[in-house]
Every structure is written in structure tokens, then in C-alpha cells.
Amino acid sequence: MQQLTKRLLESALEGEITDRLGYDKHDPAGKNGGNSRNGTRSKTVLTDVGPVEIVVPRDRDGSFEPRIVNKRQKRLTGVDEMVISLAAKGLTTGEVQAHLAEVYGADVSRQTISTITDKVLEGMAEWQSTPLDTVYPVVCIDAIHMKMRDGAVANRPIHVALAVTAEGRREVLGLWAGDGSEGPSTGCTSSPRSRTAA
């Protein structure tokens, strides 16, 4: 979950700076255009899923003030629900925009939210299409229950497939939203073949 949270936060930060500067990373439009990207800095934030190390983009004149993770902010809450919903259910653009609007507040423009949404969806699509290793020495399948909005708010199981690679790294192989009717002998029983949400 920390890997996914990192990916979502970094994608949102990239969307923020893109909206602020008016051009994408590596776009020639940003060359000699006044303020521009100026690398990144490392930062660790405490989230509901534990400490997450992220890279925060910077601009040349130092005027970029990220909103999802403020400059001196150390603790971040509420993002885990969006990460799980996004990975497990494959949220629509409108649902992601609604989540982000809730996180950022009403004072952020629709265009900014749209730019950030595009980057977040791009980051999650990249994660979902990453090929799986051919062998995992350890695979664990479990479920967590979360309140999810799907018309009405209800407790839904999120099946999680976790694995340990041959190098000893932990990876989330996939997340699948259940409908709540699964019992102990049903649910997520087959091996995941890709990270794409079912």
C-alpha cells in the first residue's frame, strides 16, 4: 500500500506543478519560458499505511507550493481510501475528480483538478500494466473491509494479493473489490495474472 500511495501522491504532485507552470515534464514549451522545473526533493510523510518517501517537484523561483502535501506537512490522512478505491474498483474520471476535490478543497479550480486527475490516472494505469515476476516465493491473499461509496456508503471487502519477490521486496500484486457476499471459501482464490483491477 505504501508503493501505491507513493505513486498516487507523486502523480498528484506532478499534476500540480504541470498546472502551475502550464506545460508537461520534458515539454520544449517550458524552455526559456521564465519559471521552470528544477528537479525534486525527497520527503517522508506519515500516512495511514505507514511512512511513505516521496519526491516533490520544485520550480526555479521557489514559488511552487504543493497542496496535496504542503511544504512542511509531515502527516497525511485520508489518501489511503482513494488509493484503495482507485486500484480495486477502477474509479471513473468523475469519481477521482470528486475524491481529489475533497482532498484539495473547494478553492482549487476545476482545470487544476482535471490536470491532477489525468496524472493520477496515468500513474495508476502504469502500475496496473507493470508485468508481474514469473516466480514469487511467497504469496498472501487477504481482505480488508473499507467503507466505499457506490451509490450508498457500505462496508465492502477489498481482496489484496501480496507477494515477496526473490530479492525480498514486498509487492502488491492486485486489489479487487468484493460485493460483500463472499464467505470464507469464496472470493479471491485464483492467482493474479496482472495488476489490473478485476
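Contact here means heavy atoms within 4.5 Å. I note at the start that the model is predicted.

**Entry: threonine 115.** I looked up where this residue sits and found it in helix H4, residues 110-128. Is threonine 115 buried or exposed? Its relative accessibility is 14%, and because buried means under 20%, threonine 115 counts as buried. I then listed what it touches, leaving aside neighbours within four places in sequence: threonine 115 is in contact with Gly15, Thr18 and Asp19.

**Entry: helix H4.** I checked the length of H4 and got 19 residues. From its first C-alpha to its last, H4 reaches 26 Å, close to the 27 Å expected at 1.5 Å a residue. I also went through its buried residues, which include Thr112, Thr115, Ile116, Lys119, Val120, Gly123, Met124 and Trp127. An α-helix has 3.6 residues a turn, so residues three or four places apart point the same way.

**Entry: H1 against H4.** I turned to helix H1, residues 2-21, which packs with H4. What is the angle between H1 and H4? It is about 145°, and the axes lie 8 Å apart. I recorded the crossing of H1 and H4 as right-handed. On the H1 side, the residues that meet H4 include Leu4, Leu8, Ser11, Gly15, Thr18 and Asp19. On the H4 side, I noted Thr112, Thr115, Ile116, Lys119 and Trp127 among them.

**Entry: aromatic rings.** I searched for aromatic pairs and the structure holds zero. I did find arginine 37 over the face of tyrosine 23, at 5.2 Å from the ring centre.

Conventions. Residues numbered from 1 in each chain as written. Predicted model: local features only at pLDDT ≥ 70, side-chain atom pairs only at ≥ 80, totals over all residues. Heavy atoms only, no water. Phe/Tyr/Trp six-rings, centres within 6.5 Å; stacked < 30°, edge-to-face > 60°. Lys NZ or Arg CZ within 6 Å of the ring centre and 35° of its normal. Helix = DSSP H or I, 4+ residues; strand = E, 2+ residues; numbered from the N terminus. Buried < 20%, exposed > 50% of the residue type's maximum accessible area, 1.4 Å probe, protein only. Expected span 1.5 Å × (residues − 1). Axes fitted to C-alpha atoms, helices over the stretch in contact; angles between N-to-C directions. Left-handed = near helix turned anticlockwise from the far one by under 90°.
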